[in-house]
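Colleague: Thanks for sitting down with me over this one. Could you walk me through the model, one question at a time?

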Amino acid sequence: MSQRPQPKFRASKKLDNGDFITLAVWPGKANPEDEVISVQLRRMQGEWKTVGRLAVYRTDSGTYS
């Protein structure tokens, strides 16, 4: 049975309006030394919905895309 991937780092903060902003750093899929840096904004709208997401890919050599 395979395990779900876990982030290398994750931090969340509840904003004054009740939304949550989360920053996470994930290992790359093709090369685990690479990283995917993601920022996500979630809002309660009957259930939790993602209202915005930004992701940046960083290679082990420091190239961003």
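**Charges, fold and a few residues**

Colleague: Let's start with the charges: how far apart are the mean positions of the positive and negative charges of the chain?

Modeller: This is a predicted model, so the value is computed from predicted coordinates. The chain carries 11 positive and 7 negative charges.

Colleague: Good to know it is a prediction. What is the mean pLDDT of the chain?

Modeller: Of the residues in the chain, 97% reach a pLDDT of 70 or more. Confidence is lowest in strand 3 (residues 35-45), at a mean of 96, and highest in strand 1 (residues 9-14), at 98. For the chain, the mean pLDDT is 94.

Colleague: Which pattern does the chain follow along the sequence?

Modeller: The chain has zero helices and four strands. Reading along the sequence, then, you find the pattern β-β-β-β.

Colleague: And what is the radius of gyration of the chain?

Modeller: For 65 residues the globule rule gives 11 Å, and the chain is well over that, so it is more spread out than a compact globule. The C-alpha trace spans about 40 × 35 × 15 Å along its principal axes. The radius of gyration itself is 14 Å.

Colleague: How much of the chain is made up of buried residues?

Modeller: The accessible surface comes to about 5,300 Å², and 53% of this belongs to carbon and sulfur atoms. Among contacts between residues at least 6 apart in sequence, 15% join residues at least 24 apart. As for buried residues, their share of the 65 residues is 15%.

Colleague: Now two aspartates. Is Asp19 buried or exposed?

Modeller: Asp19 sits in the loop between strand 1 and strand 2 (20-27). Leaving out residues up to four places away in sequence, Asp19 touches Lys13, Lys14, Leu41, Arg42 and Arg43. Its relative accessible area is 4%, and because the cut-off for this class is under 20%, Asp19 counts as buried.

Colleague: What about Asp16, buried or exposed?

Modeller: Asp16 also lies in the loop between strand 1 and strand 2. Its C-alpha atom is separated from that of Glu33, 17 residues apart along the chain, by 36 Å. With a relative accessibility of 88%, and a cut-off of over 50%, Asp16 is exposed.

Colleague: Let's turn to Trp26. How far is Trp26 from Arg10 in space, C-alpha to C-alpha?

Modeller: Trp26 is in strand 2, and is partly exposed, with a relative accessible area of 26%. Beyond residues up to four places away in sequence, its contacts include Arg10, along with Pro5, Pro7, Glu35 and Val36, among others. Trp26 and Arg10 are 16 residues apart in sequence, and their C-alpha separation is 8.8 Å.

Colleague: Last one: which residues does Thr63 touch, not counting residues up to four places away in sequence?

Modeller: Thr63 is found in the segment after strand 4 (47-58). Its relative accessible area of 46% makes Thr63 partly exposed. The C-alpha atoms of Thr63 and Asp34, 29 residues apart along the chain, are separated by 9.6 Å. The residues that Thr63 touches are Tyr57 and Arg58.

Key
Residues numbered from 1 in each chain as written. Predicted model: local features only at pLDDT ≥ 70, side-chain atom pairs only at ≥ 80, totals over all residues. Heavy atoms only, no water. Rg over C-alpha atoms; globule rule 2.2 N^0.38 Å. Buried < 20%, exposed > 50% of the residue type's maximum accessible area, 1.4 Å probe, protein only. Contact = heavy atoms within 4.5 Å. Areas by Shrake-Rupley, 256 points an atom, 1.4 Å probe, with all protein chains shown as cover. Lys, Arg positive; Asp, Glu negative; His and termini not counted. Charge placed at Lys NZ, Arg CZ, Asp CG, Glu CD. pLDDT = per-residue confidence, 0-100.
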